[in-house]
Amino acid sequence: MLHSLKAKFVLAFGTLIVVLFLALGAFLLDAKGKELSADIAQGAQSFARLSAGDLMEDYQLYLAPGNFVPFSREVSVLLRQNSDIASLSILTYTGVVLYDSAEEGTERYSGTVRTLTDAADLERVQSQAMSLLLSDGRIIFVKVDDEGIVSYVNFNEENITGPGAEDKIVNIIVPYNNAHAVQYEVSYAALAERLATARLQILVIGIAALVVTLMMSYMLSVSVTNPLKKLKQAALKLAGGDFTTRVSIHSKDELGLLGQTFNNMAADIQLSTQALVYQERVAKELELAAQIQTQLLPKDKYVLNKMDMAGGLIPATEVGGDAFDFIKASETRTLAYLGDVTGHGVAAGIVSSIANALIYAFRGDVDLFEMIKALNDVLRKKTLVNVFMTMALFLWDEETEVISYMNAGHPPILYYDAEKKKVAEIRIPGMALSMVDGVEKIVKKHDIKTKPNDVILTYSDGIPEAKDAKGEQYGMNRLKRIVQDAADDFYSADAIKNAVLSDVKQFMGTSEQLDDITIMVLKRKAV
């Protein structure tokens, strides 16, 4: 049936391609399984670390006084936020089980007292650190330092290797206030289901590819050649600029393959020409988007009687995900904020523009908690689930000389005390906007009674995470040092901003800027 050696080669080569495809599919499936397993492990750890405090607050509010139904409802809402958590339980410091969602779905447990029987589990409950039980029986304790860096230790606090891609977490225990602990049972059922579906898809695609290859090989073997004149005439038209030229060659032998290659080449040339036009149009649209985003930033220096304000933004791409603004709320009060959306580019720029518009809309009767709530509600409903925004929000009152500060998952601000001549970090609880509902219940407000020459500085993580050519990060120590030096020399807010940005860019040298760099400086005037 195959009249050409080339056709036979195509058949053999096609079969080889299918085999390689299946082998590659198996390899990718294994890699994807490890990746998904690692994602589940990281996600479960983050979820446990972030939700334990809220769960215990709900316990004290509802279950401890005996209100089981509202507490059970809150637990159900919490578990729906992470499908990889199968159940959770609350335990006392001595190992008594106060609540188990696996057993108490519709009514509270009323049997005999439930206690932990495993001494290792009791040690985990009475520890100061979150701990993981792996499928191989190992217990790993998780420590997080002040800068959010995670390390893994054993019971004796000796550094050990953390869970790898092959390891699966059985459960997570998060101690709480030396009195309680929350235990999360981790499920990998979703991972198994997705891998099973992927295996079936790879098998079906492999069979389909084999069938198509055999059909093409058969068609090549029985086809007849087209005249070379068609190829010559088509080549002349293509050379003359007619990129729509195609040849109609029905044979599937060597000349037919040549004809198809010619058509593909003509199509590629046509697409390349269209792509150049499209690329130019996209470049202009990105330029316009960057101009629009620039218009959202303060255009002129914001002048107040007692406060000097300045800010600066260096986007990593044409359109950045960072934003800041100074907004007059009343004759004596001014809003100032710095926000950082996950990632950068057009999508992040749109989210930051939405936040800017919302804050501007709330500039009148300012209530920082209501503003945070509105921002979180809108971003939760109108943005993607994996898009978050951190924010440092300030309200300056000229009459009381007090700055009210609220942190929504943003890096800690730096505060220069002019009397002590020292820079310190101010950390208050907070969570990024659009991450969970009810974020206004998590954030706290911190008031700072300012003195002449006091300086408050906030920034995006693009500054401490900026890297030089060797891969070293700029870090908080360098940032504190440059702020200290500039504030000691009584720099203005604008001068402090320029000093920091100049120092960061000098540190980076020729290395690529990977994230937006944004800074905002508030300095109390010496009046």
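The model is predicted, so to speak of local features pLDDT must be at least 70, side-chain atom pairs count only at pLDDT 80 or more, and totals for chains, interfaces and linings use all residues. Residues are numbered from 1 along each chain as its sequence is written, and side-chain values use heavy atoms, with hydrogens and water left out.

Let's begin with the chain. It has ten helices and 17 strands, taken as DSSP runs (H or I, at least four residues, for helices; E, at least two, for strands) and numbered from the N terminus. Of its 527 residues, 45% count as buried, meaning under 20% relative accessible area with a 1.4 Å probe, protein chains only.

Next comes helix α8, residues 368–382. Its buried residues include Leu-368, Met-371, Ile-372 and Leu-379. The buried residues of α8 pack against β10 (333–341), α7 (346–361), β11, β12 and β15 (445–449), where contact means heavy atoms within 4.5 Å. At the start of α8, a side-chain oxygen of Asp-367 comes within 3.0 Å of the backbone nitrogen of Phe-369.

Finally, look at Glu-398, in the loop between β11 (389–397) and β12 (402–408). Glu-398 is buried but has no salt bridge; Lys-306, the nearest side chain of opposite charge, is 5.7 Å away. A salt bridge needs a side-chain nitrogen of Lys or Arg within 4 Å of a carboxyl oxygen of Asp or Glu. Leaving aside residues up to four places away in sequence, Glu-398 touches Leu-304, Asn-305, Lys-306, Met-307 and Thr-332.

Conventions: Buried < 20%, exposed > 50% of the residue type's maximum accessible area, 1.4 Å probe, protein only. Lys, Arg positive; Asp, Glu negative; His and termini not counted. Expected span 1.5 Å × (residues − 1). Polar contact = N/O pair within 3.5 Å; in protein donor to acceptor, adjacent residues only side chain to side chain.
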